[in-house]
Amino acid sequence: MTLPNTKLQVMWNRLLAVVEEQGQALIRAAFSPIVRECGDISAGIFDFEGRMLAQAVTGTPGHINTMAEAVKTLRARFAVQEMKPGDIYMTNDPWIASGHLNDFLLMMPVFYKDRVIGFTSCTSHLVDLGGLGMGPEGSDIYDEGLLIPPCKLVSEGEINALLMEIVKANSREPVANEGDIYALIACCEAGAKSLSHMLHEFGINDLDQLANYIIDTSRNATIKAIATLPKGTWHNTLVVDGYDNEIELHAFLTITADHLKVDFSGTAPCINKGINVPLNYATAYTVFALRCIIGPEIPNNAGSLEPFRITAPKGCILNAQPPAPVAMRHTLGQMTPDLVYGCLSQALPDIVPAEGASCMYDLPLRHAPETGTSNHQQFAVELVFNGGTGARPTLDGLSATAFPSGVWGSQVETTEAAAPVLIHKRELRPDSGGAGQYRGGLGQHIEVSSTINQDVLLFLSVERVSNPAKGRNGGLTGAKGRIRIDKDGPDLPAKGEFRIRGGQTLIFETPGGGGFGPPHNRSAQELQSDIDAGIVSTGAAREIYGAPE
Amino acid sequence: MTTTDGLRLAIDIGGTFTDTVLMSAANTVLATAKTPTTPATPALAAIDGAVRVLETSGVHWSQITTFIHGTTLATNALIERRGAKVATITTDGFRDILQIAYERRYSQYAINIEKPDLIVPRKHALTIGGRMNAQGQELAPLNEVAVSDIANTLRAGGIEAVAICLLHAYANPAHELRLRALLRGELPNLVISLSHEVSPEAREFDRLCTTIANAYIQPLMAGYLADIQRRFVEKGLGCPVLMMTAGGGMTTLETAARLPIRLVESGPAGGAILAARLAAETGERQVLSFDMGGTTAKLSLIDDFRPQMSRKFEISRAARFIKGSGMPVRIPVIEMIEIGAGGGSIASVDTLGRVAVGPRSAGSIPGPVGFGKGGTEATVTDADIALGYIDPDRFAEGRLKIDRIASEHALVQGIGTQLLLNAEGAATAITEIVDEAMASAARMHAVESGKEASDRLMIAFGGNGPLHATRLARRAGIRRILIPHDPGVGSAVGFLFAPVSFEIIRSYYTTLQAVDLEALNALFASMYHEAETVVRAGASQGMLTQRRVAFMRYKGQGHEIEVDLGPDPLDPADIAQLSANFEAEYARQFGRRVPGMTIEVLNWGLSLSSQAPALAACPDQPEIRLPSAQSTRRIWCNITDRWQNAAVFLRSHLGKGDRFAGPALIIEPQTTTFVSADFRADIDGRGNIWLTSEQETTT
């Protein structure tokens with residue numbers, strides 16, 4: 001029976017709704033703060049071949065594409081004829097799942113009328129896997145904690161108790177880990193149930209025709225969008241702060257009639273700190289950035305992702321090989337959009353935004369090890385702050401806004417209720433947005449201290465402290481990030497472990513985004529409005545924008 | 001003061017129409033009126049409607065003992081930006097709470113998004129020294145000497161209203177209260193909203209936004225409320241005016257003037273109250289309320305005869321139906337999902353060659369193409385016209401001429417030519433997409449609350465609800481539908497069943513093991529006292545119903561679950577029960593409880609309400625009768641996929657016990673009920689229409 005297109009379309013919408021339901025359930029049941037505050041998850045539905053048909057829009061770009069590839073890998077690792085209803089497979093291998101050990105991926109075969117017809121899968125960030133913890137200090141993957149190769153977590157509905165004990169025994173946060181794995185299981189099971197309901201409701205026995213329709217339609221629409229682009233190859237270099245030394249990232253973007261290629265040849269090699277990036281993760285952010293410009297309305301699936309092909313020489317810092325340390329792979333991973341936009345803007349100068357703060361400024365604070373054992377004194381929080389985004393070709397950048405990541409910032413009142421810290425200030429930084437006809441978004445100025453006069457440890461892994469966001473088409477750079485302890489303290493480097501003593505205040509300034517177009521082209525009205533708002537100083541207005549005295 | 005002995009009058013002023021309903025003590029609708037809203041002076045249409053229903057039923061003003069009013073004025077003032085010039089005062093160092101918000105883009109792939117306009121520009125964002133901590137202890141005193149400078153700035157800026165939101169004011173409001181007193185001394189006419197009064201919950205961005213929204217509409221609403229009272233008293237109204245709130249309860253004019261933000265979205269709340277009332281009358285414990293109008297569809301869940309409540313919703317979204325793109329407002333509100341799917345929603349073909357419907361709407365002007373008022377783009381209503389579900393000669397009692405040819409032409413032009421479909425093919429595609437969108441919304445909405453949409457009774461009303469009910473039901477796995485009396489004025493009818501009520505939420509963080517019961521019971525006592533004062537002003541006699549809840553979660557989670565506490569002070573023995581209740585609710589929502597976890601509580605809620613009008617006795621099951629149709633119509637049957645005859649009934653001619661099979665159309669003045677071929681219609685002892693799917697009738 002051939003189904004009419006409108007019926008297929010309705011089923012497609014249903015699949016998208018089902019994955020969204022899965023994603024929401026996962027976030028609501030999550031324990032990991034980065035998951036519930038920032039939606040660091042993904043959920044997807046796959047056909048019998050392991051091709052991704054739908055992925056939840058909720059979630060972070062870090063999982064785009066990684067899950068699509070991971071399920072293919074797991075699908076090939078286990079024989080389908082041996083799968084039973086109620087089985088669930090799992091791994092946190094960074095090179096299979098999502099780039100570091102914290103991301104756990106589960107995959108469940110979906111049975112309908114006693115046959116596997118497809119798979120549901122989801123990924124979530126667990127709080128702690130032992131090792132040196134979330135930070136760049138590991139010198140190889142073994143320092144970073146527990147790696148679980150692909151295995152069967154649930155067998156016909158029974159959780160493998162030993163496996164769960166191992167995950168708990170190797171974590172500082174065993175309870176939260178267990179809670180998050182429960183949430184992942186519930187997410188897979190709910191998706192599988194909805195999917196078999198759907199087959200029953202629509203009276204179909206498999207997903208084959210629907211899968212082909214979704215993938216063909218999406219691939220064709222993506223190719224159509226690519227066909228409108230100029231053809232050729234463009235190169236860009238992005239210098240990033242790195243750990244001890246600056247690092248050069250290179251990208252070659254090639255646009256052909258029916259696909260896009262990005263190659264990271266020329267990029268510097270891995271280093272012995274955990275900021276190396278497995279290629280699956282670099283690919284995720286690169287493809288995300290490209291899809292924001294090229295066919296953003298087309299849903300994520302095997303068809304829409306297929307025309308984007310990302311390659312890199314093995315061993316470069318964007319294609320780290322085991323056993324390289326990768327815990328903070330997001331620090332550089334989140335810089336790849338600016339890297340590839342530097343290529344794309346040469347092809348599309350009027351479409352692509354300027355560089356932004358890009359890498360999120362997360363601020364993991366923990367009590368010092370010698371602190372007493374009372375609950376009141378022991379704490380660990382991860383505050384997330386963002387800088388400004390790059391100015392867009394027809395709009396200002398967004399101040400204090402996450403891009404490319406999808407994280408949410410923390411609220412002062414909830415932070416102060418949850419941890420013994422006092423936030424003295426959190427305001428926008430005037431003049432931090434790169435000047436331009438369209439101004440870059442502003443960074444923030446934050447001041448934090450301990451309320452109980454204890455030493456606090458800070459684990460930094462941020463960017464744009466030495467290398468600010470560049471403007472485009474004559475727009476100027478945004479302000480650099482700046483981190484110090486006390487007003488007259490020296491500036492800290494972008495990465496490392498630091499101690500804030502009792503009575504001291506951490507001062508933390510996030511970077512601004514780059515401007516777009518020459519500053520003197522900015523309309524007098526917009527400039528005056530920025531001056532009235534105190535976003536641009538009168539001095540800057542005169543000197544940089546050329547405002548009359 | 002308010003009694004249910006006499007006659008009750010309800011007036012719902014909507015964007016397009018003002019609906020008026022007069023009801024007897026026995027809860028019988030005596031008269032209804034639909035009059036065009038008069039935006040310049042909304043009271044005119046309200047008076048007009050009231051006069052009409054009183055004349056129709058031969059009733060005098062003095063016989064009215066309860067008057068309930070709901071208006072979109074507050075909502076519209078926010079949407080149309082017709083409020084006061086507002087400034088904010090926040091704690092020194094925190095000028096940019098509004099600008100920084102949650103640091104988030106509401107749409108992941110959209111590079112060119114713009115953030116919502118949050119009313120107060122940065123130049124009107126002022127700060128003052130002084131600091132409380134999360135426990136409510138003062139770390140630095142209020143900088144009182146700065147107040148005169150602030151007053152000067154406000155004066156110079158021509159500021160009419162001020163929203164004051166100081167850090168941790170929910171834990172200790174002393175600085176906010178003192179600042180108000182000092183500002184009053186300087187500027188006696190300034191309207192001042194304090195965050196701890198408007199929304200006493202932690203999270204400064206949400207609290208500030210709510211306080212701003214309240215301050216913004218306060219001057220306008222105060223004037224409006226005084227005006228409407230004066231006009232109705234002049235007419236001869238002898239009872240107080242009660243206002244409908246978003247939370248589904250009534251409140252006095254005094255409370256409404258102080259907290260006007262609670263009046264937004266009161267119309268849709270009325271619809272949910274009606275559905276809850278019908279659920280109670282028919283003993284249905286799991287209901288989905290479905291209200292589909294011209295621009296949007298609203299869905300809400302009703303469990304155990306109570307609409308699901310929420311503490312947050314969004315106004316003035318930058319992208320109308322995208323969650324997170326608007327200004328959050330934290331007030332008690334009936335939880336509903338609103339999507340851009342109404343009769344006027346416009347259909348188009350997207351870049352992937354797929355049919356897309358809404359959220360753009362043709363509204364009432366220019367309206368659907370078939371209405372012949374200038375619309376040129378095919379809408380959902382045009383699809384329903386082309387499929388034969390709307391009778392061109394009987395629509396809106398024949399007052400509006402329907403041009404079916406124009407509808408069909410627009411369907412072919414806008415959709416058909418691109419997808420190689422004829423008019424009925426295009427129309428089918430549109431209705432399938434819009435019905436699936438509503439079904440998905442229903443499922444998503446249920447899932448977000450840990451519930452299921454399927455297997456519920458659907459109560460459908462609004463101008464297009466009865467028309468799309470069977471189509472939506474099939475997709476959402478729903479097998480039974482109830483269409484009430486007067487579905488076109490459902491919200492106003494709902495007002496008449498609302499209790500006088502007030503709800504308060506307070507933040508007090510504790511783990512369940514470490515809870516200080518003395519402090520908690522004192523907190524509840526003060527909340528009770530505050531709520532009682534407000535409720536007794538509108539319902540001086542009769543029993544009050546109290547509901548206490550805790551918002552709980554496993555320590556480390558971010559999403560709270562609401563758990564009932566019972567009305568009495570807690571003693572140590574209650575803690576184990578509370579823990580068990582939480583875990584039972586958790587297991588219900590997430591499949592498995594998580595063993596060995598600490599449980600924490602963030603917020604505590606108390607709501608107090610008067611008794612709603614008593615339920616009438618259940619009439620006997622009427623004897624089944626098989627009525628004959630008034631006529632037949634050719635319709636596109638969505639089950640057999642072909643044109644066939646449908647029986648046409650006039651609702652006014654149907655009687656208790658009547659039963660007939662689909663496909664059929666039931667026509668009444670403001671709407672049509674489409675009984676699709678897979679459903680059967682029955683009229684119950686109260687005159688409600690029940691639609692039951694074949695699947696259900698055979699099992």
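User: What should I know about numbering and cut-offs first?
Analyst: Residues are numbered from 1 along each chain as its sequence is written, and chains are lettered from A and ligands numbered from 1 in the order in which they are written. The model is predicted, so to speak of local features takes pLDDT of at least 70 and side-chain atom pairs count only at pLDDT 80 or more, while totals for chains, interfaces and linings use all residues.

User: How many residues does the largest nonpolar core have?
Analyst: The largest nonpolar core has 372 residues. Such a core is a set of buried Ala, Val, Leu, Ile, Met, Phe, Trp, Tyr and Cys residues joined through C-beta atoms within 7 Å. Buried means that 20 or more other C-beta atoms lie within 10 Å of the residue's own, exposed means 12 or fewer, and partly exposed is in between, with C-beta atoms placed from the backbone.

User: Which residues have the most contacts inside it, and which helix gives the most?
Analyst: L26(A), L106(A), V162(B) and I430(B) have the most contacts inside this core. Helix α12 of chain B, residues 423-448, gives the most to the core, with 14 residues. Helices (H or I, at least four residues) and strands (E, at least two) are DSSP runs, numbered from the N terminus.

User: What does L106(A) touch?
Analyst: Leaving out residues up to four places away in sequence, L106(A) touches I88(A), Y89(A), M90(A), S121(A), C122(A), L153(A), L184(A), I185(A) and C188(A). Contact here means C-beta atoms, placed from the backbone, within 7 Å.

User: Change of topic. How many residues does the contact take from each chain?
Analyst: Chain A gives 61 residues and chain B gives 54 residues. On the side of chain A that touches chain B, the largest share, twelve residues, comes from α1(A). By class, that side has 28 nonpolar, 16 polar and 17 charged residues. Ala, Val, Leu, Ile, Met, Phe, Trp, Tyr, Cys and Pro count as nonpolar, Asp, Glu, Lys and Arg as charged, and the others, Gly among them, as polar.

User: At what angle do α1(A) and α6(A) pack?
Analyst: α1(A) and α6(A) pack at about 85°, with their axes 10 Å apart. Axes are lines fitted to C-alpha atoms, for helices over the stretch in contact, and angles run from 0 to 180 degrees between N-to-C directions. The two helices are therefore roughly perpendicular (65 to 115 degrees; under 35 is roughly parallel, over 145 roughly antiparallel, the rest oblique).

User: Which residues meet there?
Analyst: L8(A), M11(A) and W12(A) in α1(A) meet L210(A), Y213(A) and I214(A) in α6(A). This contact has six nonpolar, no polar and no charged residues.

User: Now β9(A). Which side chains are buried?
Analyst: In β9(A), residues 247-255, I247(A), L249(A), A251(A), L253(A) and I255(A) point to one face and are buried.

User: How many bridges join β8(A) to it?
Analyst: Nine bridges join β8(A), residues 232-240, to β9(A), and the two run antiparallel. Strands pair if DSSP finds at least two bridges between them. V240(A) stands opposite I247(A). β8(A) and β9(A) form a hairpin with six residues between them, and G242(A) in the turn has a positive phi of about 70°.

User: And in chain B, what is the order of the open sheet?
Analyst: The order is β25-β28-β26-β27, with antiparallel pairing. β25(B) and β27(B) are the edge strands. The twist averages 25° from one strand to the next.

Key. Two residues are in contact if their C-beta atoms, placed from the backbone, lie within 7 Å.
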